[in-house]
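Here is a friendly briefing to read alongside the model. Please keep the viewer open as you go through the topics.

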Amino acid sequence: MKTYTGSCHCGKVKFEVTADIKSVISCNCSICYKRGLLLAFVKADQFKLQTDENLQTDYRFHAMKIHHLFCKDCGVEAYGKGNGPDGSATYAVNVRCLDDLDLETLTITPFDGKSL
Ligand SMILES: [Zn+2]
């Protein structure tokens, strides 16, 4: 597995993700669609936030279960946080925010979040 560094646009939100990122989800739900998010899902022990959590705003809607965290300064959502189907903490990382990841090499899988 590889460790990627990631950040929002202004750099106030920084994190590390350890994962093999080969494929990502392109979701058509109301928020992913508008934000153009390409997501990779990782477990809590694969994700490390390196900056203060309070530098982000926690936006929730609909079932209120997913924390859409975005930088208070630049507005970029670098990742979201919720629980996976088995109830464990899961991070949805916006792979566009990762350094040294070539998007052209990824398999993009559509996900019909709109119908949920
Ligand atoms: Zn920022």
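**Zinc site, aromatic cluster and salt bridges**

The site of the zinc ion is tetrahedral, with angles of 104 to 120° among its four donor atoms (four donors count as tetrahedral if all angles lie between 85 and 135 degrees). This is a predicted model, in which local features need pLDDT of at least 70 and side-chain atom pairs count only at pLDDT 80 or more, while totals for chains, interfaces and linings use all residues. Residues are numbered from 1 along each chain as its sequence is written, and side-chain values use heavy atoms, with hydrogens and water left out.

**The zinc ion**

- C8 (SG), C10 (SG), C71 (SG) and C74 (SG) are the protein donors, lying 2.3 to 2.4 Å from the zinc ion (donors are N, O and S atoms within 2.8 Å of the metal, or 3.2 Å for Na, K and Ca; water is not among the atoms, so sites may look incomplete).
- Along the chain, these donors follow the spacing C-x1-C-x60-C-x2-C.
- C71 is buried at a relative accessible area of 2%, whereas C74 is partly exposed at 27% (buried means under 20% relative accessible area, exposed over 50%, partly exposed in between, with a 1.4 Å probe and protein chains only).

**Aromatic pairs**

- The count comes to six aromatic pairs (rings of Phe, Tyr and Trp, the last by its six-membered ring, pair if their centres lie within 6.5 Å; planes under 30 degrees apart count as stacked, over 60 as edge-to-face and the rest as tilted).
- F15 and F47 are stacked, at 5.3 Å centre to centre and 20° between the planes.
- F15 lies in strand β2 (residues 14-19) and F47 in strand β5 (residues 47-49), so this pair ties together parts that are 32 residues apart in sequence (strands are DSSP runs of E, at least two residues, numbered from the N terminus).
- F15 is buried at 0% relative accessibility, and F47 is buried at 8%.
- F47 also forms a stacked pair with Y91, at 4.2 Å centre to centre and 10° between the planes.
- One aromatic cluster is formed by F15, F47, Y79 and Y91.

**Salt bridges**

- The whole structure holds six salt bridges (a side-chain nitrogen of Lys or Arg within 4 Å of a carboxyl oxygen of Asp or Glu).
- One of them joins K12 and D73, whose closest N and O atoms are 2.5 Å apart.
- K12 is partly exposed at 38% relative accessibility, while D73 is exposed at 54%.
- E16 and K48 meet in another salt bridge (3.8 Å, N to O).

Note on methods: Tetrahedral: all angles 85-135°; square planar, octahedral: opposite > 155°, others 65-115°. Helix = DSSP H or I, 4+ residues; strand = E, 2+ residues; numbered from the N terminus.
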